[in-house]
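Biologist: I am new to this structure and would like to learn how to read its pockets and ligands. Could you walk me through them?

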Amino acid sequence: MSTAKSGLPAHVAIIMDGNGRWARRRAMPRYLGHRQGVKALKTAVRYASRRGIGTLTVYAFSTENWRRPKEEVDFLLDLMYKTFVQEIEELRREGVRIRLIGERTSLSPDVLAIWDNAEKVTAENTGLNLNVAFNYGGRTELTRAVRELVGQAARGEISVEDITEEALARQLYTWPSPDPDLIIRTGGEYRLSNFLLWQAAYSELYVTEVLWPDFGEREFEEALQDYLRRERRFGQVPQKEQNS
Ligand code: IPE
Ligand code: IPE
Ligand code: MG
(Lines give C-alpha, C1' and ligand atoms only; values in the text may rest on other atoms or scores of the structure.)
(Ligands and ions follow the chains in the order given, each with its own letter.)
Protein backbone atom coordinates (compact mmCIF):
# COMPACT_ATOMS: atom_id res chain seq x y z
CA MET A 1 0.00 0.00 0.00
CA SER A 2 1.38 3.43 -0.87
CA THR A 3 1.93 5.91 1.92
CA ALA A 4 -0.58 8.24 0.23
CA LYS A 5 -3.34 5.66 0.90
CA SER A 6 -2.13 4.51 4.31
CA GLY A 7 -1.55 8.02 5.64
CA LEU A 8 1.96 7.03 6.62
CA PRO A 9 4.71 9.61 6.11
CA ALA A 10 6.25 9.65 2.63
CA HIS A 11 9.50 10.90 4.12
CA VAL A 12 10.82 10.06 7.58
CA ALA A 13 14.02 11.65 8.90
CA ILE A 14 15.83 10.37 11.98
CA ILE A 15 18.28 12.07 14.33
CA MET A 16 20.04 8.96 15.56
CA ASP A 17 21.16 10.16 18.98
CA GLY A 18 22.18 8.39 22.18
CA ASN A 19 24.91 5.96 21.15
CA GLY A 20 27.37 7.32 23.70
CA ARG A 21 24.89 7.13 26.58
CA TRP A 22 23.87 3.61 25.56
CA ALA A 23 27.50 2.51 25.91
CA ARG A 24 28.15 4.49 29.11
CA ARG A 25 25.17 2.86 30.81
CA ARG A 26 26.83 -0.46 30.18
CA ALA A 27 30.22 0.85 31.34
CA MET A 28 31.48 0.41 27.79
CA PRO A 29 33.48 2.85 25.67
CA ARG A 30 31.43 5.18 23.47
CA TYR A 31 32.59 3.61 20.24
CA LEU A 32 30.77 0.38 21.07
CA GLY A 33 27.59 2.43 21.17
CA HIS A 34 28.25 3.65 17.64
CA ARG A 35 28.85 0.11 16.48
CA GLN A 36 25.54 -0.96 17.99
CA GLY A 37 23.97 2.07 16.34
CA VAL A 38 24.80 0.68 12.92
CA LYS A 39 22.73 -2.41 13.76
CA ALA A 40 19.78 -0.21 14.66
CA LEU A 41 20.24 1.65 11.38
CA LYS A 42 20.08 -1.58 9.40
CA THR A 43 16.86 -2.50 11.18
CA ALA A 44 15.38 0.95 10.50
CA VAL A 45 16.25 0.84 6.79
CA ARG A 46 14.62 -2.58 6.37
CA TYR A 47 11.56 -1.55 8.36
CA ALA A 48 11.09 1.67 6.40
CA SER A 49 11.26 -0.35 3.18
CA ARG A 50 8.78 -2.86 4.48
CA ARG A 51 6.30 -0.16 5.54
CA GLY A 52 6.44 1.48 2.11
CA ILE A 53 8.09 4.69 3.29
CA GLY A 54 9.37 6.49 0.18
CA THR A 55 12.34 8.30 1.68
CA LEU A 56 14.35 7.80 4.85
CA THR A 57 16.94 10.41 5.80
CA VAL A 58 19.31 9.58 8.65
CA TYR A 59 21.61 11.97 10.47
CA ALA A 60 24.88 10.12 10.95
CA PHE A 61 27.49 12.86 11.44
CA SER A 62 27.02 16.60 11.75
CA THR A 63 29.36 19.41 10.73
CA GLU A 64 29.64 20.07 14.51
CA ASN A 65 30.64 16.49 15.33
CA TRP A 66 34.23 17.32 14.24
CA ARG A 67 34.48 18.99 17.66
CA ARG A 68 34.59 15.58 19.33
CA PRO A 69 37.88 13.96 20.39
CA LYS A 70 39.94 12.92 17.40
CA GLU A 71 39.74 9.22 18.30
CA GLU A 72 35.96 9.30 18.24
CA VAL A 73 35.84 11.23 14.96
CA ASP A 74 38.29 8.80 13.37
CA PHE A 75 36.24 5.87 14.62
CA LEU A 76 33.06 7.30 13.15
CA LEU A 77 34.67 7.96 9.76
CA ASP A 78 36.08 4.45 9.71
CA LEU A 79 32.77 2.94 10.80
CA MET A 80 30.93 4.76 8.03
CA TYR A 81 33.47 3.56 5.48
CA LYS A 82 33.36 -0.06 6.62
CA THR A 83 29.59 -0.12 6.86
CA PHE A 84 29.30 1.04 3.27
CA VAL A 85 31.80 -1.57 2.10
CA GLN A 86 29.95 -4.33 3.95
CA GLU A 87 26.36 -3.36 3.26
CA ILE A 88 26.32 -1.91 -0.22
CA GLU A 89 25.72 -5.15 -2.09
CA GLU A 90 22.78 -6.15 0.09
CA LEU A 91 21.26 -2.68 -0.09
CA ARG A 92 21.62 -2.73 -3.86
CA ARG A 93 19.84 -6.08 -4.04
CA GLU A 94 17.07 -4.81 -1.80
CA GLY A 95 16.37 -1.98 -4.23
CA VAL A 96 17.54 0.82 -1.91
CA ARG A 97 18.69 3.98 -3.64
CA ILE A 98 21.43 5.69 -1.65
CA ARG A 99 22.27 9.37 -1.66
CA LEU A 100 24.86 11.01 0.53
CA ILE A 101 23.94 14.47 1.74
CA GLY A 102 26.64 16.58 3.32
CA GLU A 103 29.83 18.47 2.70
CA ARG A 104 32.53 16.73 0.71
CA THR A 105 35.21 19.01 2.10
CA SER A 106 37.34 17.60 4.96
CA LEU A 107 36.66 14.01 3.87
CA SER A 108 39.38 11.69 2.62
CA PRO A 109 39.52 10.50 -1.00
CA ASP A 110 38.74 6.96 0.24
CA VAL A 111 35.55 8.08 1.89
CA LEU A 112 34.51 10.16 -1.11
CA ALA A 113 35.16 7.24 -3.44
CA ILE A 114 32.99 4.89 -1.38
CA TRP A 115 30.18 7.48 -1.37
CA ASP A 116 30.36 7.93 -5.11
CA ASN A 117 30.36 4.19 -5.62
CA ALA A 118 27.35 3.70 -3.32
CA GLU A 119 25.39 6.32 -5.23
CA LYS A 120 26.43 4.94 -8.60
CA VAL A 121 25.62 1.28 -8.00
CA THR A 122 22.21 2.05 -6.51
CA ALA A 123 21.23 4.90 -8.85
CA GLU A 124 18.78 2.81 -10.88
CA ASN A 125 17.04 1.32 -7.83
CA THR A 126 13.40 2.17 -7.31
CA GLY A 127 12.80 1.06 -3.71
CA LEU A 128 13.46 3.08 -0.57
CA ASN A 129 15.35 6.35 -1.08
CA LEU A 130 17.94 6.45 1.66
CA ASN A 131 19.60 9.80 2.28
CA VAL A 132 22.59 9.49 4.58
CA ALA A 133 23.45 12.84 6.17
CA PHE A 134 27.16 12.68 6.84
CA ASN A 135 29.24 15.79 7.47
CA TYR A 136 25.87 17.49 7.15
CA GLY A 137 24.87 20.86 8.60
CA GLY A 138 21.68 22.73 7.79
CA ARG A 139 23.31 26.15 7.94
CA THR A 140 26.15 25.10 5.66
CA GLU A 141 23.62 23.62 3.25
CA LEU A 142 21.62 26.86 3.17
CA THR A 143 24.70 29.04 2.86
CA ARG A 144 25.90 26.96 -0.05
CA ALA A 145 22.50 27.25 -1.75
CA VAL A 146 22.43 31.03 -1.32
CA ARG A 147 25.96 31.35 -2.63
CA GLU A 148 25.06 29.34 -5.73
CA LEU A 149 21.96 31.41 -6.50
CA VAL A 150 23.70 34.72 -5.90
CA GLY A 151 26.53 33.54 -8.16
CA GLN A 152 24.06 32.70 -10.91
CA ALA A 153 22.43 36.12 -10.53
CA ALA A 154 25.79 37.92 -10.56
CA ARG A 155 26.73 36.13 -13.79
CA GLY A 156 23.40 37.21 -15.29
CA GLU A 157 22.16 33.62 -15.66
CA ILE A 158 19.07 34.29 -13.54
CA SER A 159 17.43 37.48 -12.27
CA VAL A 160 17.00 38.33 -8.59
CA GLU A 161 13.26 37.62 -8.98
CA ASP A 162 14.12 34.05 -9.93
CA ILE A 163 15.34 33.44 -6.38
CA THR A 164 12.16 31.80 -5.14
CA GLU A 165 11.52 29.26 -2.40
CA GLU A 166 11.52 26.53 -5.01
CA ALA A 167 14.75 27.77 -6.59
CA LEU A 168 16.39 27.65 -3.17
CA ALA A 169 14.99 24.21 -2.35
CA ARG A 170 16.42 22.93 -5.64
CA GLN A 171 19.90 23.86 -4.47
CA LEU A 172 19.64 21.84 -1.25
CA TYR A 173 21.25 18.44 -0.87
CA THR A 174 17.88 16.81 -0.31
CA TRP A 175 16.45 17.82 -3.69
CA PRO A 176 14.34 16.19 -5.15
CA SER A 177 13.18 14.49 -1.93
CA PRO A 178 9.96 15.90 -0.49
CA ASP A 179 10.26 17.66 2.87
CA PRO A 180 10.22 15.21 5.77
CA ASP A 181 6.71 14.58 7.12
CA LEU A 182 8.08 13.15 10.33
CA ILE A 183 11.35 13.78 12.15
CA ILE A 184 12.20 11.26 14.86
CA ARG A 185 14.82 12.07 17.48
CA THR A 186 16.02 9.35 19.81
CA GLY A 187 17.85 10.07 23.06
CA GLY A 188 15.27 12.48 24.44
CA GLU A 189 16.68 15.86 23.38
CA TYR A 190 14.20 18.43 22.07
CA ARG A 191 16.34 20.08 19.41
CA LEU A 192 17.20 19.82 15.73
CA SER A 193 20.98 20.15 16.14
CA ASN A 194 21.34 21.80 12.70
CA PHE A 195 19.38 19.08 10.87
CA LEU A 196 17.24 19.91 7.82
CA LEU A 197 16.58 23.48 8.95
CA TRP A 198 14.74 24.54 5.80
CA GLN A 199 13.05 21.23 5.11
CA ALA A 200 11.73 20.84 8.68
CA ALA A 201 9.40 23.87 8.38
CA TYR A 202 6.24 21.75 8.71
CA SER A 203 7.59 18.41 9.84
CA GLU A 204 5.94 16.62 12.73
CA LEU A 205 8.48 16.12 15.49
CA TYR A 206 8.65 12.93 17.53
CA VAL A 207 11.10 12.69 20.42
CA THR A 208 11.64 9.44 22.29
CA GLU A 209 13.79 8.75 25.34
CA VAL A 210 14.84 5.47 23.73
CA LEU A 211 18.54 5.58 22.85
CA TRP A 212 19.38 4.95 19.22
CA PRO A 213 20.92 1.45 19.65
CA ASP A 214 17.66 0.35 21.34
CA PHE A 215 15.44 1.76 18.58
CA GLY A 216 13.92 -1.27 16.88
CA GLU A 217 10.91 -2.12 14.76
CA ARG A 218 8.49 -1.70 17.64
CA GLU A 219 9.81 1.77 18.44
CA PHE A 220 9.71 2.76 14.77
CA GLU A 221 6.12 1.58 14.49
CA GLU A 222 5.18 3.53 17.62
CA ALA A 223 6.53 6.70 16.02
CA LEU A 224 4.54 6.01 12.84
CA GLN A 225 1.37 5.40 14.86
CA ASP A 226 1.92 8.62 16.78
CA TYR A 227 2.29 10.43 13.45
CA LEU A 228 -1.00 8.97 12.22
CA ARG A 229 -2.77 10.61 15.17
CA ARG A 230 -1.45 14.10 14.38
CA GLU A 231 -3.48 16.74 12.63
CA ARG A 232 -1.31 18.61 10.20
CA ARG A 233 -2.69 22.07 9.54
CA PHE A 234 0.01 23.91 7.58
CA GLY A 235 -1.23 27.22 8.98
CA GLN A 236 -4.90 26.60 8.21
CA VAL A 237 -7.79 26.31 10.66
CA PRO A 238 -8.63 22.77 11.84
CA GLN A 239 -10.36 20.60 9.26
CA LYS A 240 -13.61 20.29 11.27
CA GLU A 241 -13.95 24.07 11.55
CA GLN A 242 -13.31 24.81 7.91
CA ASN A 243 -16.95 25.55 6.98
CA SER A 244 -18.02 27.37 10.11
C1 IPE B 1 24.76 9.92 18.12
O2 IPE B 1 25.12 9.46 19.36
C3 IPE B 1 25.78 9.59 17.08
C4 IPE B 1 26.51 10.75 16.58
C5 IPE B 1 26.29 11.98 16.90
C6 IPE B 1 27.56 10.48 15.64
P7 IPE B 1 25.99 10.32 20.36
O8 IPE B 1 27.43 9.94 20.17
O9 IPE B 1 25.72 11.77 20.22
O10 IPE B 1 25.47 9.78 21.75
P11 IPE B 1 25.19 10.61 23.06
O12 IPE B 1 24.26 11.74 22.70
O13 IPE B 1 26.52 11.12 23.53
O14 IPE B 1 24.59 9.63 23.99
C1 IPE C 1 22.99 15.11 16.50
O2 IPE C 1 23.47 14.54 17.67
C3 IPE C 1 23.82 14.67 15.34
C4 IPE C 1 23.69 13.28 14.96
C5 IPE C 1 22.86 12.42 15.47
C6 IPE C 1 24.55 12.84 13.90
P7 IPE C 1 24.48 15.30 18.62
O8 IPE C 1 24.71 14.42 19.78
O9 IPE C 1 25.68 15.73 17.85
O10 IPE C 1 23.64 16.59 19.02
P11 IPE C 1 23.80 17.57 20.25
O12 IPE C 1 25.28 17.86 20.37
O13 IPE C 1 23.29 16.85 21.44
O14 IPE C 1 22.98 18.74 19.91
MG1 MG D 1 24.38 13.01 21.11
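**Pockets and ligands**

Modeller: Gladly! The largest pocket holds about 810 Å³ of space. This is a predicted model, where local features need pLDDT of at least 70, side-chain atom pairs count only at pLDDT 80 or more, and totals for chains, interfaces and linings use all residues. Residues are numbered from 1 along each chain as its sequence is written, chains are lettered from A and ligands numbered from 1 in the order in which they are written, and side-chain values use heavy atoms, with hydrogens and water left out.

Biologist: What counts as a pocket, and what is its volume?

Modeller: On a 1 Å grid over the protein atoms alone, a pocket is an open set of points with protein on both sides within 12 Å along at least five of seven lines, and lining residues have an atom within 4 Å of a point. Grid points are joined across faces, edges and corners, and the volume is the space filled by probe spheres set on the points. Here, 38 residues line the largest pocket, and M16, N19, Y59, A60 and F61 lie nearest its centre.

Biologist: Which element gives the largest share of that lining?

Modeller: Helices (H or I, at least four residues) and strands (E, at least two) are DSSP runs, numbered from the N terminus. The largest share comes from α3, with eight residues. At least two residues each come from α2, α3, β2 (55-62), α4 and β4 (129-136).

Biologist: Which ligand takes up the space of the largest pocket?

Modeller: A molecule sits in a pocket if more than half of its atoms lie within 2 Å of its grid points. The largest pocket is the space taken by ligand 1, and ligand 2 also takes its space there.

Biologist: How many residues surround ligand 1?

Modeller: A residue is near a molecule if one of its heavy atoms lies within 4 Å of it. For ligand 1 there are 13, with D17, G20, R21, R30 and R68 the closest. In this shell, α2 (19-25) supplies the largest share, three residues. For residue classes, Ala, Val, Leu, Ile, Met, Phe, Trp, Tyr, Cys and Pro count as nonpolar, Asp, Glu, Lys and Arg as charged, and the others, Gly among them, as polar. The shell around ligand 1 has three nonpolar, five polar and five charged residues.

Biologist: Where are the polar contacts of ligand 1?

Modeller: A polar contact is a pair of N or O atoms within 3.5 Å. A backbone N or O atom of G20 is 2.9 Å from a ligand 1 oxygen, while a polar backbone atom of R21 lies 2.7 Å from an oxygen atom of ligand 1. The side chain of R68 has an N or O atom 2.7 Å from an oxygen atom of ligand 1. The protein buries 87% of the 380 Å² that ligand 1 exposes when taken alone, with accessible areas from the Shrake-Rupley method with a 1.4 Å probe.

Biologist: Which residues have side-chain atoms near an oxygen of ligand 2?

Modeller: D17 has a polar side-chain atom 3.1 Å from an oxygen atom of ligand 2, and N65 has one at 2.9 Å. For R68, a side-chain N or O atom is 3.2 Å from an oxygen atom of ligand 2. Of the 390 Å² of accessible area that ligand 2 has on its own, the protein covers 79%. In the shell around ligand 2, β2 gives the most, with three residues.

Definitions and conventions: Polar contact = N/O pair within 3.5 Å; in protein donor to acceptor, adjacent residues only side chain to side chain. 1 Å grid on protein atoms, 1.4 Å probe; cavity = no way out; pocket = protein on both sides within 12 Å on 5 of 7 lines; lining within 4 Å.
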